[in-house]
Amino acid sequence: MENDELITPEFVSEGEEEKQASSLVIPHQIMPENLVIMPVTGRPFMPFQAQPLIVSQDKWQPTIEKAINDNNGLVGFVLVRPDAGEKLGPESFYGTGCVAQIHNVMADGEKLQLMTQGIRRFKIDDFMTGEAPFHARVSYPVESKGDPEKLRAYSVAVIKAIREIIPLNPLYGEEVKNFVTRFSPNDASPLSDFGASITTAPGADIQDILETTSLMDRMKKVLVLLKKEHEALKLQSEISQEVNKSLSENQRKFFLREQLRVIQKELGIAKDDRTADIEQFEERLTKLDPPDHVLERVASEIEKMQILEKGSPEYAVSRNYLDWITSVPWGVTSEDKLDIKRARKVLDRDHSGLTDVKDRIIEFLAVGVYKKEVSGSIMLLVGPPGVGKTSIGKSIAEALGRKFYRFSVGGMRDEAEIKGHRRTYIGALPGKFVQALKETGVSNPVIMLDEIDKVGASYQGDPASALLEALDPEQNSEFLDHYFDLRLDLSKVLFICTANQLDTIAQPLLDRMDMTRLSGYITAEKVEIARKHLWPRLIERSGIPRKQLSITPAAIRTIADGYAREAGVRNLEKQMNRIVRKAVVGFLSDGGKPISVGIKDIPEYLGPPIFRKERPMEGVGIVTGLAWTSMGGATLSVEATKIHELSKGFKLTGQLGDVMKESAEIAYSYVSSNAGAFGVAPTYFDSAFIHLHVPEGATPKDGPSAGVTMATVLISLALGKKIDRPLAMTGEITLTGKVLPVGGIREKVIAARRNGLRELVLPDENRRDVDELPDYIREGMTFHFAKVYKDVFKVVFGGKAR
């Protein structure tokens with residue numbers, strides 16, 4: 001028997017129930033030993049309970065006819081267990097059910113309506129069939145009544161509990177009335193079953209009542225169910241009262257507002273929503289200084305708004321347009337604080353190091369001081385992550401006394417984010433620049449475009465191309481936003497863009513920006529930044545008193561050298577934050593004793609150092625080169641070895657890019673064709689199979705700056721000589737031996753200094769880049785400049801090439 005064949009009690013109409021109830025009679029006391037079993041779900045059928053049922057005629061008519069013909073209309077209703085499967089069997093039923101008398105069977109379409117009345121409990125002794133229709137051999141347990149006085153007391157308690165729940169639910173009153181007309185309240189057995197049946201208890205609890213043959217125990221259990229029902233109804237009543245109170249208050253306020261609106265209308269002081277909106281827009285315009293073409297557009301839009309229906313979509317579009325256009329600060333500017341000394345003080349307060357960057361910013365501000373105004377400009381700050389590009393933008397805004405607005409263009413793929421959506425689209429909005437002007441409230445803010453090197457492109461457009469108009473000083477005085485379809489003046493805005501690298505920035509966009517490079521920090525600068533900025537900020541965030549937790553400069557240096565060697569200070573801050581968190585745990589454990597973190601304490605807080613004191617690789621055929629990455633400068637060891645002399649060959653490994661492979665091949669061609677000039681046997685490369693490798697093969701590498709290093713590696717291998725001192729080099733080489741200039745000199749010098757390399761070989765044309773380095777970076781460094789590779793050979797091997 002499938003689940004959809006189970007019987008679930010349903011109520012027929014109230015009139016039909018009364019009609020059927022009037023014909024009910026108490027059946028005879030002689031009960032059959034065999035019964036037709038019908039399954040019920042949800043709650044069991046209870047004795048003395050009159051219940052109308054609606055069942056499927058196709059599935060149940062033969063069973064009902066058999067019960068009427070064989071057992072005088074008696075049928076056994078048994079609750080199905082919750083874990084019963086889709087197909088029912090004898091094990092799917094509980095062991096106790098209720099015999100019911102079927103009355104007044106009526107057909108109603110495909111359904112049968114029947115009135116049933118519970119008579120008494122029965123227990124299933126044995127199933128005579130294993131599948132539907134079910135027949136079972138049954139027995140009828142005898143109730144044990146117990147002490148009459150106690151039973152009377154429990155009956156009174158049950159009646160009292162029923163009286164308590166009647167006021168909380170009027171439906172219970174009707175059921176009590178029907179019960180009283182058929183049974184005496186002094187009859188404990190029907191009273192206990194009735195009390196259980198009117199509760200909303202789960203089916204398992206009602207089944208427990210049905211299986212309890214001791215009348216005293218049954219009354220106790222029913223009393224518990226009635227008490228639970230009373231508490232649940234009380235809670236429901238309280239919730240209902242709260243809801244009704246809230247609804248009543250809202251209705252009262254609504255009626256008062258309607259009365260107030262009528263009174264205002266009668267007195268002639270009321271304004272409808274349209275008039276109030278128009279007056280608000282006109283009031284905003286009086287505080288601004290918009291150009292004539294904006295005023296004409298606003299007047300035209302207000303005229304259109306006055307004839308539109310308030311419920312129409314066009315009205316909402318027109319209202320939103322006027323709301324935006326009157327929120328833009330037309331002609332409103334903030335006064336610039338043109339004070340060079342103050343600007344220098346702000347920059348020095350917020351940033352340690354970066355002297356050349358600060359000088360560039362001061363130069364820019366100095367021109368504004370001289371002109372008595374800072375005109376719009378586009379600055380590009382390029383550098384590795386964590387060197388302070390975004391914070392420098394905030395400091396520039398504070399130094400000028402301007403409002404600051406930042407948004408990231410990283411991953412942006414829709415040009416509408418820049419130029420705005422056209423008003424024909426649902427949910428259209430102006431572009432980011434208009435939103436920046438609205439939020440700052442002035443037309444000359446400092447707008448920062450973060451991660452401009454990560455702008456995307458898609459079928460929706462190219463945001464980088466859309467930025468060309470906004471970031472061009474010759475065009476942005478008439479920037480066209482698609483939503484407004486009006487010209488905006490962005491020439492007074494100071495744009496500051498940030499990027500990690502230049503390769504992914506479109507060249508036309510790059511040409512419009514004034515670039516300033518931010519290189520990585522050396523260890524001394526990191527210590528100063530951590531001491532003045534990072535550590536105090538972490539202490540403040542954690543709420544620890546400054547005297548409670550301190551760290552020595554030597555400990556900070558240890559963290560910078562052993563745990564955070566990247567170009568920026570972001571990872572340094574993370575490591576120091578770990579110390580603060582573990583210190584807080586110590587305060588809670590040790591009663592808040594002050595902690596001073598020194599060098600010896602660092603491994604306890606951070607574990608073993610991630611970076612250890614690295615010694616450059618040494619040996620024949622090994623040379624240290626310098627590389628530039630988006631994370632800053634890095635040292636790169638290059639090594640070569642001779643595999644055999646059976647045939648000529650050249651093998652490259654280390655995940656080298658195409659440019660780096662070409663550098664290696666050029667170096668090999670140059671050295672093999674000029675071997676005699678460097679004291680190498682002319683026939684050495686004719687029979688040698690050479691393998692050149694750049695370690696850390698899992699890391700992709702590319703770039704045009706390793707040619708000189710690779711040529712030196714090959715000569716070292718061929719001569720059997722190793723470099724006898726810490727030395728590093730960078731530069732590209734041609735087939736004729738010329739040394740070409742490379743980029744990223746500052747980052748490479750900082751990387752060499754960080755790794756203890758104090759002697760460098762650089763291209764002669766990079767001499768200007770070295771001259772521009774701050775003194776504290778050049779201090780203690782020895783630079784050799786080479787025009788041709790023979791100059792490199794002379795420095796490295798001390799000999800003179802022929």
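Ring pairs link Tyr405, Phe407, Phe433, Phe479 and Phe495 into a cluster, where rings of Phe, Tyr and Trp (its six-membered ring) are taken to pair if their centres lie within 6.5 Å, planes under 30 degrees apart counting as stacked, over 60 as edge-to-face and the rest as tilted. The structure is a predicted model, in which local features need pLDDT of at least 70 and side-chain atom pairs count only at pLDDT 80 or more, whereas totals for chains, interfaces and linings use all residues. Residues are numbered from 1 along each chain as its sequence is written, and side-chain values use heavy atoms, with hydrogens and water left out.

By this ring rule, 20 aromatic pairs are counted. In the pair of Tyr405 and Phe407 the ring centres are 6.1 Å apart and the planes stand at 55 degrees, so the pair is tilted. Tyr405 is buried, with a relative accessible area of 10%, and Phe407 is buried as well, at 5%; here buried means under 20% relative accessible area, exposed over 50%, and partly exposed in between (1.4 Å probe, protein chains only). A stacked arrangement is found for Phe650 and Tyr668, with 4.4 Å centre to centre and 15 degrees between the planes. This pair links distant parts of the chain, Phe650 lying in strand E18 (residues 649-653) and Tyr668 in helix H22 (residues 658-673), 18 residues apart; helices (H or I, at least four residues) and strands (E, at least two) are DSSP runs, numbered from the N terminus. Phe650 counts as partly exposed at 22% relative accessibility, while Tyr668 counts as buried at 10%.

Strand E8 (residues 404-408) and E9 pair in the parallel sense over five bridges, two strands being paired if DSSP finds at least two bridges between them. E9 is joined by four bridges to strand E12 (residues 494-499), and these two strands run parallel; in E12, the bridge partner of Leu449 is Cys497. Five of the five residues of strand E9 (residues 446-450) are buried, so this strand is largely enclosed by the rest of the structure. Both of its faces are covered, with Val446, Met448 and Asp450 buried on one side and Ile447 and Leu449 buried on the other. In the loop between E9 and helix H16 (463-470) lies Glu451, which has a positive phi of about 55 degrees although it is not a glycine, and which counts as partly exposed at 27% relative accessibility.

Charged side chains also take part in contacts with rings and with one another. Lys438 lies over the face of Trp324, at 4.1 Å from the ring centre, and Arg81 lies over the face of Tyr94, at 4.5 Å from the ring centre; a charge sits over a ring if NZ of Lys or CZ of Arg is within 6 Å of the ring centre and within 35 degrees of the ring normal. The structure holds 34 salt bridges, each defined as a side-chain nitrogen of Lys or Arg within 4 Å of a carboxyl oxygen of Asp or Glu. One of them is formed by Asp277 and Arg319, whose closest N and O atoms are 3.0 Å apart. This pair links distant parts of the chain, with Asp277 in helix H8 (residues 273-286) and Arg319 in helix H10 (residues 313-325), 42 residues apart. Asp277 is buried, with a relative accessible area of 12%, whereas Arg319 is partly exposed, with 25%.

Within helix H9 (residues 292-307), Lys304 and Glu301 lie three residues apart, about one turn of the helix, and their side chains meet in a salt bridge (3.2 Å, N to O). Lys304 counts as partly exposed at 39% relative accessibility, but Glu301 counts as buried at 3%. A further salt bridge is that of Arg541 with Glu573, the closest N and O atoms being 3.7 Å apart. Arg541 lies in helix H18 (residues 523-542) and Glu573 in helix H20 (residues 570-590), so the pair ties together parts that are 32 residues apart in sequence. Arg541 is exposed, with a relative accessible area of 61%, whereas Glu573 is buried, with 16%. Salt bridges that share partners join Arg121, Glu143, Asp193 and Arg218 into one network.
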